[in-house]
Amino acid sequence: MMNLTATHGRPKQLQSLMCCAAALLLSACQQTQIVFTPTEPPSLASFDTPYPLDNHLPESGVIIPATDPMFSDEVYTELDLPYQLHRLASVQSNHDLNSNSQSTHALSRNSLSNRVSLAAISPQAPFNNPDILQIALQEKARALAISLADPCLETFSIRVSLHSINLSLTCPDDVNHIYGLLVQFWQPNTFIDATTAPVDIDNIRRQLKLNKHLNAFSGAEIDKLWREKLLGPEHAYNKVLNNNELFDSLNLNQLQQIQQQAVSHAQWHLFLPNMQAKNAEFDLQASIKQWPMLTTSLAKSFPKSSSHADKLETTTPKQTKKIYLIDAPGSVQTQVRLGYRIDYRIDYRIDYRIDYRIDYRIDHSINHAISINHAIGHTVDSELGDMSETSQLSSQEVALSCRSLSALMGRSFSGRLYYDLREKRGLTYGIYGQCANAPLSSSIKFYGSTAIEHTGAFVVGILDHLALVKTQSASQGEINALKTYLIGEDLLSQDNSIQRENQYLQQIATGLTQVDVQQLNAELQALTPKRLQQLANGAFSGEPLIILRGDIDRIIPDLTSKLPEWQLERVKVD
(Lines give C-alpha, C1' and ligand atoms only; values in the text may rest on other atoms or scores of the structure.)
Protein backbone atom coordinates (compact mmCIF):
# COMPACT_ATOMS: atom_id res chain seq x y z
CA MET A 1 0.00 0.00 0.00
CA MET A 2 2.81 2.32 0.82
CA ASN A 3 4.42 1.88 -2.60
CA LEU A 4 1.13 2.37 -4.38
CA THR A 5 0.45 5.65 -2.56
CA ALA A 6 3.91 7.02 -3.47
CA THR A 7 3.43 6.12 -7.11
CA HIS A 8 0.14 7.98 -7.32
CA GLY A 9 1.68 11.09 -5.62
CA ARG A 10 4.35 11.71 -8.29
CA PRO A 11 2.03 13.08 -10.98
CA LYS A 12 0.68 15.59 -8.51
CA GLN A 13 4.21 16.76 -7.68
CA LEU A 14 5.09 17.08 -11.35
CA GLN A 15 1.90 19.00 -11.99
CA SER A 16 2.75 21.43 -9.20
CA LEU A 17 6.26 21.94 -10.57
CA MET A 18 4.90 22.59 -14.07
CA CYS A 19 2.45 25.17 -12.75
CA CYS A 20 5.24 26.98 -10.93
CA ALA A 21 7.42 26.99 -14.03
CA ALA A 22 4.56 28.34 -16.16
CA ALA A 23 3.90 31.09 -13.63
CA LEU A 24 7.57 32.09 -13.70
CA LEU A 25 7.59 32.17 -17.50
CA LEU A 26 4.46 34.29 -17.64
CA SER A 27 5.85 36.76 -15.13
CA ALA A 28 9.10 36.99 -17.11
CA CYS A 29 7.21 37.75 -20.31
CA GLN A 30 5.42 40.67 -18.76
CA GLN A 31 6.92 44.00 -19.81
CA THR A 32 8.70 45.86 -17.06
CA GLN A 33 6.93 49.08 -16.17
CA ILE A 34 9.01 52.06 -17.36
CA VAL A 35 9.80 54.67 -14.76
CA PHE A 36 10.22 57.91 -16.72
CA THR A 37 12.88 60.39 -15.65
CA PRO A 38 11.56 63.64 -14.16
CA THR A 39 12.50 67.00 -15.62
CA GLU A 40 14.91 69.39 -13.94
CA PRO A 41 15.63 73.11 -14.44
CA PRO A 42 18.61 73.87 -16.72
CA SER A 43 22.04 74.01 -15.14
CA LEU A 44 24.97 76.06 -16.47
CA ALA A 45 28.69 75.53 -15.95
CA SER A 46 30.79 78.20 -14.28
CA PHE A 47 33.54 79.71 -16.41
CA ASP A 48 34.86 81.99 -13.69
CA THR A 49 38.49 81.56 -12.70
CA PRO A 50 38.59 80.33 -9.08
CA TYR A 51 40.40 82.23 -6.34
CA PRO A 52 43.37 82.61 -5.96
CA LEU A 53 44.20 81.82 -9.59
CA ASP A 54 42.18 84.78 -10.84
CA ASN A 55 44.98 87.21 -9.96
CA HIS A 56 47.94 85.02 -10.92
CA LEU A 57 47.13 83.65 -14.38
CA PRO A 58 48.59 85.63 -17.29
CA GLU A 59 46.12 87.39 -19.54
CA SER A 60 45.99 85.90 -23.00
CA GLY A 61 46.03 88.19 -25.99
CA VAL A 62 43.43 88.28 -28.69
CA ILE A 63 43.64 85.25 -30.96
CA ILE A 64 43.54 86.39 -34.59
CA PRO A 65 43.50 83.90 -37.45
CA ALA A 66 46.00 84.34 -40.24
CA THR A 67 44.86 86.97 -42.73
CA ASP A 68 47.22 85.91 -45.51
CA PRO A 69 45.43 83.99 -48.29
CA MET A 70 46.12 80.28 -48.24
CA PHE A 71 45.94 80.10 -52.03
CA SER A 72 47.15 82.54 -54.63
CA ASP A 73 45.10 82.95 -57.80
CA GLU A 74 47.06 82.79 -61.03
CA VAL A 75 45.54 84.79 -63.88
CA TYR A 76 46.62 84.47 -67.51
CA THR A 77 44.72 87.02 -69.58
CA GLU A 78 46.22 85.76 -72.84
CA LEU A 79 44.68 82.32 -72.30
CA ASP A 80 41.04 81.32 -72.04
CA LEU A 81 41.37 78.87 -69.18
CA PRO A 82 38.28 76.74 -68.45
CA TYR A 83 39.14 76.76 -64.75
CA GLN A 84 40.36 79.17 -62.12
CA LEU A 85 43.89 78.24 -61.11
CA HIS A 86 44.90 78.35 -57.45
CA ARG A 87 48.38 77.76 -56.09
CA LEU A 88 49.14 76.90 -52.52
CA ALA A 89 50.79 79.94 -50.99
CA SER A 90 54.57 79.82 -50.67
CA VAL A 91 56.42 79.54 -47.38
CA GLN A 92 56.57 82.85 -45.55
CA SER A 93 59.48 84.50 -43.78
CA ASN A 94 60.67 83.31 -40.38
CA HIS A 95 58.94 86.24 -38.72
CA ASP A 96 55.66 85.23 -40.30
CA LEU A 97 56.16 81.59 -39.45
CA ASN A 98 56.48 82.47 -35.77
CA SER A 99 53.24 84.42 -35.83
CA ASN A 100 49.91 83.58 -37.44
CA SER A 101 51.16 82.15 -40.73
CA GLN A 102 52.34 78.84 -39.36
CA SER A 103 49.60 77.08 -41.28
CA THR A 104 51.21 78.07 -44.58
CA HIS A 105 54.45 76.46 -43.47
CA ALA A 106 52.59 73.34 -42.40
CA LEU A 107 50.98 73.03 -45.80
CA SER A 108 54.22 73.55 -47.69
CA ARG A 109 56.67 71.45 -45.75
CA ASN A 110 55.62 68.09 -47.25
CA SER A 111 57.31 68.14 -50.66
CA LEU A 112 57.39 64.37 -51.17
CA SER A 113 53.93 64.30 -52.72
CA ASN A 114 51.92 66.71 -54.82
CA ARG A 115 48.24 67.16 -54.09
CA VAL A 116 46.16 68.24 -57.09
CA SER A 117 42.43 68.87 -56.79
CA LEU A 118 39.86 69.58 -59.47
CA ALA A 119 36.65 70.98 -58.02
CA ALA A 120 33.28 71.61 -59.65
CA ILE A 121 31.25 74.33 -57.91
CA SER A 122 27.62 75.23 -58.51
CA PRO A 123 26.92 78.24 -56.27
CA GLN A 124 23.46 79.17 -57.49
CA ALA A 125 21.93 75.71 -57.74
CA PRO A 126 22.80 72.33 -56.24
CA PHE A 127 23.97 69.49 -58.45
CA ASN A 128 21.41 66.98 -59.62
CA ASN A 129 21.78 63.46 -58.16
CA PRO A 130 25.10 64.09 -56.39
CA ASP A 131 24.63 60.89 -54.37
CA ILE A 132 24.64 58.88 -57.60
CA LEU A 133 27.65 60.77 -58.93
CA GLN A 134 29.64 60.07 -55.79
CA ILE A 135 29.21 56.30 -56.08
CA ALA A 136 29.78 56.36 -59.85
CA LEU A 137 33.01 58.37 -59.66
CA GLN A 138 34.34 56.06 -56.96
CA GLU A 139 33.56 53.09 -59.19
CA LYS A 140 35.33 54.83 -62.09
CA ALA A 141 38.41 55.39 -59.94
CA ARG A 142 38.51 51.69 -59.13
CA ALA A 143 38.17 50.78 -62.80
CA LEU A 144 40.94 53.20 -63.82
CA ALA A 145 43.26 51.91 -61.11
CA ILE A 146 42.83 48.36 -62.40
CA SER A 147 43.11 49.33 -66.08
CA LEU A 148 46.06 51.72 -65.88
CA ALA A 149 47.91 50.14 -62.95
CA ASP A 150 48.81 53.66 -61.84
CA PRO A 151 49.63 53.86 -58.09
CA CYS A 152 48.57 57.49 -58.08
CA LEU A 153 44.95 56.44 -58.55
CA GLU A 154 45.10 54.54 -55.28
CA THR A 155 45.17 57.93 -53.52
CA PHE A 156 41.92 59.05 -55.13
CA SER A 157 39.63 60.95 -52.78
CA ILE A 158 36.26 62.55 -53.41
CA ARG A 159 34.30 65.02 -51.34
CA VAL A 160 30.75 65.69 -52.45
CA SER A 161 28.25 68.22 -51.19
CA LEU A 162 25.13 69.59 -52.80
CA HIS A 163 27.09 72.46 -54.33
CA SER A 164 30.57 71.02 -54.87
CA ILE A 165 32.31 67.92 -56.18
CA ASN A 166 36.01 67.86 -55.38
CA LEU A 167 38.30 65.14 -56.79
CA SER A 168 41.88 64.88 -55.50
CA LEU A 169 45.01 62.81 -56.05
CA THR A 170 48.14 62.97 -53.92
CA CYS A 171 51.33 61.33 -55.19
CA PRO A 172 54.97 62.14 -56.08
CA ASP A 173 54.20 62.33 -59.82
CA ASP A 174 54.38 65.40 -62.00
CA VAL A 175 51.37 67.70 -61.59
CA ASN A 176 50.62 67.48 -65.32
CA HIS A 177 50.27 63.71 -65.06
CA ILE A 178 48.01 64.03 -62.01
CA TYR A 179 45.89 66.61 -63.81
CA GLY A 180 45.54 64.27 -66.78
CA LEU A 181 44.18 61.56 -64.51
CA LEU A 182 41.64 63.89 -62.90
CA VAL A 183 40.15 65.19 -66.16
CA GLN A 184 39.42 61.61 -67.24
CA PHE A 185 36.60 61.54 -64.71
CA TRP A 186 34.79 64.34 -66.54
CA GLN A 187 35.18 63.33 -70.19
CA PRO A 188 31.92 63.03 -72.21
CA ASN A 189 32.48 59.27 -72.64
CA THR A 190 33.67 58.47 -69.13
CA PHE A 191 30.88 56.02 -68.39
CA ILE A 192 29.62 54.94 -71.81
CA ASP A 193 33.04 53.99 -73.25
CA ALA A 194 33.27 50.24 -72.82
CA THR A 195 36.88 49.99 -74.07
CA THR A 196 38.69 52.15 -71.49
CA ALA A 197 38.20 51.23 -67.84
CA PRO A 198 34.49 50.35 -68.11
CA VAL A 199 32.44 50.76 -64.96
CA ASP A 200 30.17 48.09 -63.52
CA ILE A 201 26.72 49.69 -63.62
CA ASP A 202 25.23 46.73 -61.75
CA ASN A 203 27.62 47.32 -58.89
CA ILE A 204 26.70 51.02 -58.81
CA ARG A 205 22.99 50.15 -58.57
CA ARG A 206 23.71 47.62 -55.82
CA GLN A 207 25.66 50.17 -53.79
CA LEU A 208 22.91 52.75 -54.14
CA LYS A 209 20.27 50.26 -52.98
CA LEU A 210 22.51 49.01 -50.18
CA ASN A 211 23.03 52.56 -48.92
CA LYS A 212 19.28 53.05 -48.92
CA HIS A 213 18.75 49.96 -46.73
CA LEU A 214 21.66 50.84 -44.45
CA ASN A 215 20.22 54.31 -43.91
CA ALA A 216 16.88 52.83 -42.95
CA PHE A 217 18.56 50.39 -40.56
CA SER A 218 20.88 52.97 -38.98
CA GLY A 219 18.16 55.56 -38.47
CA ALA A 220 19.44 58.04 -41.05
CA GLU A 221 15.83 58.34 -42.20
CA ILE A 222 15.33 60.86 -39.41
CA ASP A 223 17.68 63.27 -41.21
CA LYS A 224 15.75 62.81 -44.46
CA LEU A 225 12.51 63.70 -42.68
CA TRP A 226 14.28 66.63 -41.02
CA ARG A 227 15.08 68.17 -44.41
CA GLU A 228 11.55 67.62 -45.69
CA LYS A 229 9.86 69.20 -42.68
CA LEU A 230 12.38 72.02 -42.40
CA LEU A 231 12.37 73.04 -46.06
CA GLY A 232 9.17 71.64 -47.52
CA PRO A 233 8.87 68.63 -49.85
CA GLU A 234 9.16 70.77 -53.00
CA HIS A 235 12.30 72.50 -51.85
CA ALA A 236 15.34 72.22 -54.10
CA TYR A 237 17.45 70.20 -51.67
CA ASN A 238 14.68 67.62 -51.39
CA LYS A 239 14.39 67.20 -55.16
CA VAL A 240 17.86 66.11 -56.22
CA LEU A 241 18.66 63.41 -53.65
CA ASN A 242 17.38 59.89 -53.04
CA ASN A 243 15.86 59.24 -56.46
CA ASN A 244 14.75 55.69 -55.69
CA GLU A 245 13.27 55.07 -59.13
CA LEU A 246 16.56 56.00 -60.75
CA PHE A 247 18.43 53.79 -58.30
CA ASP A 248 16.50 50.81 -59.69
CA SER A 249 16.72 51.63 -63.41
CA LEU A 250 20.03 53.47 -63.75
CA ASN A 251 21.94 52.67 -66.94
CA LEU A 252 25.22 53.93 -68.40
CA ASN A 253 23.57 56.49 -70.70
CA GLN A 254 21.62 58.00 -67.81
CA LEU A 255 24.77 58.05 -65.69
CA GLN A 256 26.69 59.81 -68.44
CA GLN A 257 23.93 62.39 -68.75
CA ILE A 258 24.00 63.10 -65.00
CA GLN A 259 27.76 63.57 -65.20
CA GLN A 260 27.57 65.89 -68.20
CA GLN A 261 24.80 67.91 -66.61
CA ALA A 262 27.11 68.54 -63.69
CA VAL A 263 29.87 69.57 -66.11
CA SER A 264 27.58 72.03 -67.86
CA HIS A 265 26.50 73.75 -64.63
CA ALA A 266 29.85 73.88 -62.89
CA GLN A 267 32.42 76.54 -62.24
CA TRP A 268 35.82 74.86 -62.18
CA HIS A 269 38.69 75.38 -59.77
CA LEU A 270 42.09 73.71 -60.07
CA PHE A 271 44.33 73.56 -56.98
CA LEU A 272 48.06 73.00 -57.46
CA PRO A 273 50.96 72.85 -54.99
CA ASN A 274 53.18 75.91 -54.66
CA MET A 275 56.02 76.39 -57.09
CA GLN A 276 58.61 75.36 -54.49
CA ALA A 277 57.35 71.78 -54.64
CA LYS A 278 59.04 69.22 -56.85
CA ASN A 279 57.45 68.58 -60.26
CA ALA A 280 55.07 71.51 -59.74
CA GLU A 281 55.54 73.29 -63.07
CA PHE A 282 52.24 73.24 -64.95
CA ASP A 283 51.68 73.19 -68.72
CA LEU A 284 48.71 75.46 -69.33
CA GLN A 285 48.46 74.86 -73.07
CA ALA A 286 48.42 71.10 -72.67
CA SER A 287 45.78 71.35 -69.92
CA ILE A 288 43.43 73.23 -72.25
CA LYS A 289 43.75 70.52 -74.91
CA GLN A 290 42.93 67.83 -72.34
CA TRP A 291 39.89 69.67 -70.99
CA PRO A 292 36.60 67.75 -71.41
CA MET A 293 34.15 69.12 -73.95
CA LEU A 294 30.39 69.04 -73.42
CA THR A 295 28.67 67.01 -76.13
CA THR A 296 26.10 68.90 -78.18
CA SER A 297 23.37 66.25 -77.92
CA LEU A 298 23.55 66.13 -74.15
CA ALA A 299 23.85 69.90 -73.78
CA LYS A 300 20.57 70.49 -75.60
CA SER A 301 18.69 68.19 -73.22
CA PHE A 302 19.71 70.03 -70.07
CA PRO A 303 17.32 72.51 -68.45
CA LYS A 304 18.73 75.95 -67.88
CA SER A 305 19.90 76.78 -64.41
CA SER A 306 17.59 79.00 -62.43
CA SER A 307 18.76 82.51 -61.83
CA HIS A 308 19.79 83.62 -58.38
CA ALA A 309 16.53 85.52 -57.97
CA ASP A 310 14.42 82.43 -58.54
CA LYS A 311 15.83 80.15 -55.90
CA LEU A 312 14.01 81.40 -52.85
CA GLU A 313 10.62 80.76 -54.33
CA THR A 314 9.55 77.70 -52.38
CA THR A 315 7.07 77.63 -49.53
CA THR A 316 8.74 77.41 -46.15
CA PRO A 317 6.67 75.35 -43.69
CA LYS A 318 5.60 77.21 -40.59
CA GLN A 319 6.69 75.31 -37.50
CA THR A 320 4.07 74.86 -34.81
CA LYS A 321 3.99 73.05 -31.50
CA LYS A 322 4.15 69.66 -33.17
CA ILE A 323 6.51 66.74 -32.58
CA TYR A 324 6.97 64.32 -35.47
CA LEU A 325 7.42 60.68 -34.46
CA ILE A 326 9.06 57.93 -36.53
CA ASP A 327 8.17 54.52 -35.15
CA ALA A 328 11.01 52.07 -34.46
CA PRO A 329 9.35 49.25 -32.49
CA GLY A 330 11.66 47.55 -30.02
CA SER A 331 14.19 50.36 -30.08
CA VAL A 332 15.97 50.86 -26.75
CA GLN A 333 16.76 54.51 -27.42
CA THR A 334 15.17 57.61 -28.95
CA GLN A 335 16.93 59.65 -31.60
CA VAL A 336 16.28 63.37 -31.37
CA ARG A 337 16.58 66.20 -33.92
CA LEU A 338 15.60 69.68 -32.76
CA GLY A 339 16.38 73.06 -34.28
CA TYR A 340 15.52 76.07 -36.39
CA ARG A 341 15.80 77.28 -39.92
CA ILE A 342 17.26 80.77 -39.62
CA ASP A 343 17.96 81.99 -43.14
CA TYR A 344 14.53 83.42 -43.91
CA ARG A 345 14.72 85.82 -40.96
CA ILE A 346 16.25 88.57 -43.08
CA ASP A 347 15.88 92.34 -43.28
CA TYR A 348 12.54 92.35 -45.04
CA ARG A 349 9.45 90.19 -45.30
CA ILE A 350 9.63 87.48 -47.93
CA ASP A 351 7.15 85.74 -50.18
CA TYR A 352 7.89 82.09 -50.98
CA ARG A 353 5.60 80.91 -53.73
CA ILE A 354 7.29 79.66 -56.89
CA ASP A 355 8.27 76.02 -57.24
CA TYR A 356 12.03 75.62 -57.57
CA ARG A 357 13.23 72.16 -58.49
CA ILE A 358 16.91 71.82 -57.73
CA ASP A 359 18.34 70.32 -54.52
CA TYR A 360 23.80 68.81 -46.44
CA ARG A 361 25.90 67.99 -44.60
CA ILE A 362 25.94 66.98 -45.04
CA ASP A 363 27.86 68.69 -42.73
CA HIS A 364 30.33 67.19 -43.40
CA SER A 365 29.95 66.09 -47.18
CA ILE A 366 26.84 64.42 -48.53
CA ASN A 367 25.97 62.20 -45.59
CA HIS A 368 24.56 65.21 -43.79
CA ALA A 369 22.70 67.16 -46.48
CA ILE A 370 22.21 70.81 -45.78
CA SER A 371 19.32 73.16 -46.14
CA ILE A 372 18.51 75.63 -48.93
CA ASN A 373 16.63 78.87 -49.28
CA HIS A 374 15.95 81.62 -51.79
CA ALA A 375 13.94 84.79 -51.47
CA ILE A 376 12.58 87.60 -53.62
CA GLY A 377 9.65 89.93 -53.24
CA HIS A 378 8.63 92.11 -50.34
CA THR A 379 5.19 90.83 -49.36
CA VAL A 380 4.31 89.00 -46.19
CA ASP A 381 3.82 85.26 -46.59
CA SER A 382 1.29 83.97 -44.11
CA GLU A 383 3.17 80.66 -44.03
CA LEU A 384 6.00 82.36 -42.17
CA GLY A 385 3.90 83.82 -39.41
CA ASP A 386 4.46 87.19 -37.77
CA MET A 387 8.08 88.17 -37.19
CA SER A 388 8.86 91.21 -35.09
CA GLU A 389 11.72 93.56 -35.79
CA THR A 390 13.80 91.98 -33.05
CA SER A 391 13.63 88.53 -34.68
CA GLN A 392 14.92 89.59 -38.09
CA LEU A 393 18.49 88.65 -38.98
CA SER A 394 20.65 90.10 -41.72
CA SER A 395 22.77 87.81 -43.88
CA GLN A 396 25.84 88.64 -41.79
CA GLU A 397 23.92 87.97 -38.59
CA VAL A 398 22.76 84.63 -39.97
CA ALA A 399 26.35 83.48 -40.41
CA LEU A 400 27.36 84.84 -37.00
CA SER A 401 24.33 83.33 -35.25
CA CYS A 402 24.68 79.96 -36.93
CA ARG A 403 28.30 79.57 -35.93
CA SER A 404 28.24 81.06 -32.44
CA LEU A 405 24.93 79.66 -31.16
CA SER A 406 25.51 76.11 -32.41
CA ALA A 407 28.89 76.14 -30.64
CA LEU A 408 27.56 77.75 -27.46
CA MET A 409 24.90 75.10 -27.06
CA GLY A 410 26.41 72.02 -28.68
CA ARG A 411 30.21 72.12 -28.88
CA SER A 412 30.65 68.77 -27.18
CA PHE A 413 32.12 68.80 -23.65
CA SER A 414 32.03 72.56 -23.09
CA GLY A 415 28.64 73.14 -24.72
CA ARG A 416 25.68 73.92 -22.52
CA LEU A 417 23.63 70.91 -23.60
CA TYR A 418 26.44 68.41 -23.20
CA TYR A 419 27.41 69.77 -19.79
CA ASP A 420 23.89 69.68 -18.36
CA LEU A 421 22.18 66.76 -20.12
CA ARG A 422 25.14 64.39 -19.97
CA GLU A 423 27.61 65.49 -17.32
CA LYS A 424 25.07 66.63 -14.73
CA ARG A 425 21.98 64.53 -15.44
CA GLY A 426 23.26 61.51 -17.40
CA LEU A 427 20.45 61.60 -19.97
CA THR A 428 22.65 60.89 -23.00
CA TYR A 429 26.09 59.81 -24.14
CA GLY A 430 26.34 62.92 -26.28
CA ILE A 431 24.40 65.83 -27.75
CA TYR A 432 25.84 68.14 -30.36
CA GLY A 433 25.04 71.24 -32.40
CA GLN A 434 25.37 71.58 -36.16
CA CYS A 435 25.50 74.82 -38.14
CA ALA A 436 24.43 74.17 -41.74
CA ASN A 437 25.28 77.45 -43.48
CA ALA A 438 24.66 76.52 -47.10
CA PRO A 439 24.64 78.76 -50.19
CA LEU A 440 20.85 78.79 -50.25
CA SER A 441 19.88 78.29 -46.64
CA SER A 442 21.05 78.17 -43.04
CA SER A 443 19.83 76.16 -40.08
CA ILE A 444 20.89 75.16 -36.58
CA LYS A 445 20.26 71.58 -35.49
CA PHE A 446 20.86 69.86 -32.18
CA TYR A 447 21.04 66.08 -32.30
CA GLY A 448 21.62 63.17 -29.96
CA SER A 449 20.10 59.97 -28.58
CA THR A 450 18.68 59.07 -25.22
CA ALA A 451 17.24 56.03 -23.43
CA ILE A 452 13.51 55.38 -23.69
CA GLU A 453 12.87 56.41 -20.08
CA HIS A 454 14.75 59.71 -20.54
CA THR A 455 12.95 60.83 -23.73
CA GLY A 456 10.64 63.45 -22.25
CA ALA A 457 13.23 64.86 -19.85
CA PHE A 458 15.79 65.02 -22.68
CA VAL A 459 13.53 66.97 -25.06
CA VAL A 460 12.32 69.30 -22.31
CA GLY A 461 15.93 69.88 -21.27
CA ILE A 462 16.87 71.07 -24.77
CA LEU A 463 13.83 73.33 -24.98
CA ASP A 464 14.57 74.83 -21.56
CA HIS A 465 18.12 75.71 -22.59
CA LEU A 466 16.92 77.32 -25.83
CA ALA A 467 14.52 79.44 -23.80
CA LEU A 468 17.19 80.29 -21.23
CA VAL A 469 19.71 81.62 -23.75
CA LYS A 470 17.09 84.10 -24.95
CA THR A 471 16.18 85.43 -21.50
CA GLN A 472 19.45 85.28 -19.56
CA SER A 473 22.78 86.71 -20.72
CA ALA A 474 25.83 84.47 -20.74
CA SER A 475 28.70 85.31 -18.41
CA GLN A 476 31.74 87.04 -19.78
CA GLY A 477 33.80 83.97 -18.91
CA GLU A 478 31.55 81.78 -21.06
CA ILE A 479 31.79 84.30 -23.93
CA ASN A 480 35.59 84.26 -23.69
CA ALA A 481 35.62 80.45 -23.78
CA LEU A 482 33.32 80.50 -26.82
CA LYS A 483 35.61 82.92 -28.66
CA THR A 484 38.66 80.81 -27.89
CA TYR A 485 36.92 77.70 -29.20
CA LEU A 486 35.72 79.29 -32.46
CA ILE A 487 38.95 81.07 -33.33
CA GLY A 488 40.98 78.01 -32.32
CA GLU A 489 38.81 75.87 -34.58
CA ASP A 490 39.54 78.25 -37.45
CA LEU A 491 43.28 78.12 -36.79
CA LEU A 492 43.27 74.32 -36.77
CA SER A 493 41.46 74.21 -40.12
CA GLN A 494 44.08 76.51 -41.62
CA ASP A 495 46.82 74.18 -40.48
CA ASN A 496 45.47 71.31 -42.57
CA SER A 497 45.68 71.52 -46.36
CA ILE A 498 42.58 69.42 -46.99
CA GLN A 499 40.42 71.31 -44.50
CA ARG A 500 41.66 74.64 -45.79
CA GLU A 501 40.88 73.62 -49.36
CA ASN A 502 37.37 72.56 -48.36
CA GLN A 503 36.87 75.77 -46.44
CA TYR A 504 38.00 77.75 -49.46
CA LEU A 505 35.51 75.92 -51.68
CA GLN A 506 32.76 76.58 -49.15
CA GLN A 507 33.56 80.29 -49.31
CA ILE A 508 33.36 80.21 -53.11
CA ALA A 509 30.04 78.36 -53.06
CA THR A 510 28.49 80.78 -50.57
CA GLY A 511 29.93 83.85 -52.27
CA LEU A 512 32.08 84.88 -49.30
CA THR A 513 35.25 86.84 -49.89
CA GLN A 514 38.33 86.89 -47.70
CA VAL A 515 37.16 90.29 -46.46
CA ASP A 516 33.82 88.77 -45.40
CA VAL A 517 35.60 86.00 -43.50
CA GLN A 518 37.84 88.50 -41.72
CA GLN A 519 34.81 90.61 -40.84
CA LEU A 520 33.05 87.57 -39.38
CA ASN A 521 36.12 86.76 -37.26
CA ALA A 522 36.25 90.38 -36.10
CA GLU A 523 32.60 90.20 -35.03
CA LEU A 524 33.31 87.01 -33.14
CA GLN A 525 36.15 88.75 -31.30
CA ALA A 526 33.84 91.65 -30.42
CA LEU A 527 31.00 89.39 -29.25
CA THR A 528 29.42 90.45 -25.95
CA PRO A 529 26.85 88.74 -23.70
CA LYS A 530 24.20 91.23 -24.79
CA ARG A 531 24.98 90.77 -28.48
CA LEU A 532 24.81 86.97 -28.16
CA GLN A 533 21.43 87.23 -26.44
CA GLN A 534 20.15 89.40 -29.30
CA LEU A 535 21.32 86.83 -31.83
CA ALA A 536 19.61 84.05 -29.87
CA ASN A 537 16.30 85.91 -29.85
CA GLY A 538 16.54 86.30 -33.60
CA ALA A 539 17.65 82.77 -34.48
CA PHE A 540 15.46 80.93 -31.95
CA SER A 541 12.24 82.85 -32.56
CA GLY A 542 9.07 80.88 -33.21
CA GLU A 543 8.71 77.17 -32.60
CA PRO A 544 11.51 74.68 -33.27
CA LEU A 545 11.22 71.66 -35.51
CA ILE A 546 11.30 68.48 -33.40
CA ILE A 547 11.61 64.96 -34.81
CA LEU A 548 11.96 61.81 -32.70
CA ARG A 549 12.66 58.23 -33.79
CA GLY A 550 11.98 55.47 -31.31
CA ASP A 551 9.41 53.05 -29.93
CA ILE A 552 6.38 55.35 -30.16
CA ASP A 553 4.01 53.32 -28.00
CA ARG A 554 6.48 53.40 -25.12
CA ILE A 555 7.46 57.08 -25.28
CA ILE A 556 4.08 58.71 -25.99
CA PRO A 557 2.90 58.58 -22.34
CA ASP A 558 6.07 60.39 -21.27
CA LEU A 559 5.78 63.03 -24.00
CA THR A 560 2.10 63.76 -23.38
CA SER A 561 2.80 64.11 -19.65
CA LYS A 562 5.80 66.45 -19.95
CA LEU A 563 4.78 68.33 -23.12
CA PRO A 564 0.97 68.50 -22.96
CA GLU A 565 0.77 71.59 -25.18
CA TRP A 566 2.61 69.87 -28.05
CA GLN A 567 0.78 67.86 -30.69
CA LEU A 568 2.22 64.44 -31.55
CA GLU A 569 2.11 63.24 -35.16
CA ARG A 570 3.20 59.84 -36.44
CA VAL A 571 4.98 59.92 -39.79
CA LYS A 572 6.36 57.28 -42.14
CA VAL A 573 9.54 57.78 -44.15
CA ASP A 574 9.71 56.29 -47.64
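Predicted model: local features only at pLDDT ≥ 70, side-chain atom pairs only at ≥ 80, totals over all residues.
Local features were considered at pLDDT of at least 70 and side-chain atom pairs only at pLDDT 80 or more, whereas totals for chains, interfaces and linings use all residues. Residues are numbered from 1 along each chain as its sequence is written, and side-chain values use heavy atoms, with hydrogens and water left out.

Two disulfides (pairs of cysteine sulfur atoms within 2.5 Å) are present in the structure. In sequence order of the bonded cysteines, the pairing is 1-2, 3-4. The sulfur atoms of C152 and C171 are 2.1 Å apart, and this link is left-handed, with -70° about the S-S bond. C152 is located in the loop between α4 and β4 (157-160) and C171 in strand β5 (residues 164-171), so parts 19 residues apart in sequence are tied together. Helices (H or I, at least four residues) and strands (E, at least two) are DSSP runs, numbered from the N terminus. Both cysteines, C152 and C171, are buried, where buried means under 20% relative accessible area, exposed over 50% and partly exposed in between (1.4 Å probe, protein chains only).

In the pair C402 and C435, the sulfur atoms lie 2.0 Å apart, and the link is right-handed at 120° about the S-S bond. C402 belongs to helix α12 and C435 to strand β9 (residues 431-438), so the pair joins parts 33 residues apart in sequence. C402 is buried at 0% relative accessibility, while C435 is partly exposed at 30%.

N129 lies between β3 (114-121) and α4 (130-148) and is buried, at 5% relative accessibility.
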